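Hi there,

Here is the structure I promised to pass on. Have a look at it first, and then read my notes below.

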Protein chains: 2
Amino acid sequence: MGKPTLEFWYDFASTYAYLSAMRIKAIADAAGVDVLHRPFLLGPIFRAQGWTSSPFNVYRAKGRYMIRDMERLAAERGIVFHSPDPLPQNSVGAARVALVALGEGWIAQFSPALFELEFAERCNISATSTLEKAVRRVGEKSGLSLDFARVFERSTANEIKGLLRAQTEAAAAAQIFGAPTFRAADGELVWGDDRLDQAVAWEAEL
Amino acid sequence: MGKPTLEFWYDFASTYAYLSAMRIKAIADAAGVDVLHRPFLLGPIFRAQGWTSSPFNVYRAKGRYMIRDMERLAAERGIVFHSPDPLPQNSVGAARVALVALGEGWIAQFSPALFELEFAERCNISATSTLEKAVRRVGEKSGLSLDFARVFERSTANEIKGLLRAQTEAAAAAQIFGAPTFRAADGELVWGDDRLDQAVAWEAEL
């Protein structure tokens, strides 16, 4: 049997997914659990529920509350949070680069690097220059030789576009309705950064 | 200065408010914080957001997930959870009796007693017999002499009806959009049973 593996489903536009992306590796490592990154798009799932934007824009009081909640949690955890503009960001290009990274084995470094640019440094993740910055940081930290022009071109190939659509369809089929969502090997779904420890413990005990 | 007091806003129809009602006293006591119970109705707040029922009915995948989440949390905490039928329950009568209890000083006993009947024993809280059972249990535990016929008649007086409407309007004015919500003396809003400890700590540190 292989190592227990927890699926981490996230959209780069999700504020709470930022919280999980910054700590999932440490928590999973401590429990002897591997993480399978599964970037997807919430947009089509929200639209199927009748929302034309993030629920935090559709429901204003909830949106205002979410920012305050994120500020408190970031302060508790000693990380930086600045609400990006616009919120949510367009995360299609980011998800496509992430799928290239998934295929090549550097998504565990790319994901927190891009989330940090978005929510700590307020870079617009729909800008190619931001994606380039994230890839460059991965290269610097990991020692991998990553040519951004090649990565970006690959991310716009039909194969990757189709893969992202398939990921999002798989999310909907798995009854995923928000992010972050964690899925254990037995199919157990656990939603929200608040439940990250519970999700890792569930997978470890299977 | 009086003792720090945290407001506990809840609707008896809320599953997650059940979790908080069963533990708020112990957590607040340990932190030297008083609890002010503020029962209100989510229905008008949800309708203002365009929902005709609980979001767990409007969004089915989220509703199915919520039941599973409650089952896991109840198991972790050693309490019983059975989803009532129908879900959500009509909580208008329950909230009115709670406001009588608030005025008379026994709401801290009534609230967990009724939540337990609803979510552990699957009693319908819109039935007068369930409200009576809860009031009887409060009397037995506290030694208070509570005549249910008197309590119930009082709960249907225009004064109590108006008080409940005022509570719900105050919730909307305070930007409350869900339950349970905790409000500290400085106006800080903290939403959800997941944040109960954070809310009590916030109030204690004011």
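Let's start with a question: in which helix do B:Asp69 and B:Arg72 both lie, and how many residues apart are they? Both are in helix α5 of chain B, three residues apart, which is about one turn of the helix. (Helices are DSSP runs of H or I with at least four residues, strands are DSSP runs of E with at least two, and both are numbered from the N terminus.)

Before going further, some housekeeping. This is a predicted model, where local features need pLDDT of at least 70 and side-chain atom pairs count only at pLDDT 80 or more, while totals for chains, interfaces and linings use all residues. Residues are numbered from 1 along each chain as its sequence is written, chains are lettered from A and ligands numbered from 1 in the order in which they are written, and side-chain values use heavy atoms, with hydrogens and water left out.

**Back to that helix**

The side chains of B:Asp69 and B:Arg72 meet in a salt bridge, 3.6 Å from N to O. (A salt bridge here is a side-chain nitrogen of Lys or Arg within 4 Å of a carboxyl oxygen of Asp or Glu.) B:Asp69 is buried, with a relative accessible area of 3%, and B:Arg72 counts as buried too, at 5%. (Buried means under 20% relative accessible area, exposed means over 50%, and partly exposed is in between, using a 1.4 Å probe and protein chains only.)

Helix α5 of chain B covers residues 60-77. If you leave aside its neighbours within four places in sequence, B:Arg72 is in contact with A:Glu188, A:Leu189, A:Val190, A:Gln198, A:Trp202 and B:Tyr65. (Contact means heavy atoms within 4.5 Å.)

Now look at chain A. A:Asp69 and A:Arg72 both lie in helix α5 (residues 60-77) of chain A, and they form a salt bridge with the closest N and O atoms 3.6 Å apart. A:Asp69 counts as buried at 2% relative accessibility, and A:Arg72 counts as buried at 5%.

**Across the chains**

A:Arg72 also forms a salt bridge with B:Glu188, with the closest N and O atoms 2.6 Å apart. Another salt bridge joins B:Arg68 and A:Glu188, where the closest N and O atoms are 2.9 Å apart. That pair crosses between chains, from B:Arg68 in helix α5 of chain B to A:Glu188 in the loop between β3 and β4 (189-191) of chain A. B:Arg68 is partly exposed at 31% relative accessibility, whereas A:Glu188 is buried at 10%.

The contact takes 23 residues from chain B and 23 residues from chain A. The two chains bury about 2,300 Å² between them, 48% of it on carbon and sulfur atoms. (Buried area is the accessible area, with a 1.4 Å probe, that two parts lose on being put together, summed over both.) As for which surface each copy uses, 100% of the interface residues of chain B are also interface residues in chain A, so the copies meet through the same surface.

**How the copies are related**

Chain B can be laid on chain A with an RMSD of 0.0 Å by a turn of 180° and a shift of 0.0 Å along the axis. That is the relation of a two-fold axis. In chain B, the C-alpha nearest the axis belongs to B:Asp194, 3.7 Å from it. (Copies are superposed by least squares on the C-alpha atoms of residues with pLDDT of at least 70 in both.)

**Strands in chain A**

Five of the six residues of strand β1 (residues 5-10) of chain A are buried, so this strand is largely enclosed by the rest of the structure. Six bridges join β1(A) to strand β2 (residues 34-39) of chain A, and the two run parallel. A:Tyr10 has A:Pro39 as its bridge partner in β2(A). Three bridges join β1(A) to strand β3 (residues 181-183) of chain A, this time antiparallel. There, A:Glu7 has A:Arg183 as its bridge partner. (Two strands pair if DSSP finds at least two bridges between them.)

Enjoy exploring!
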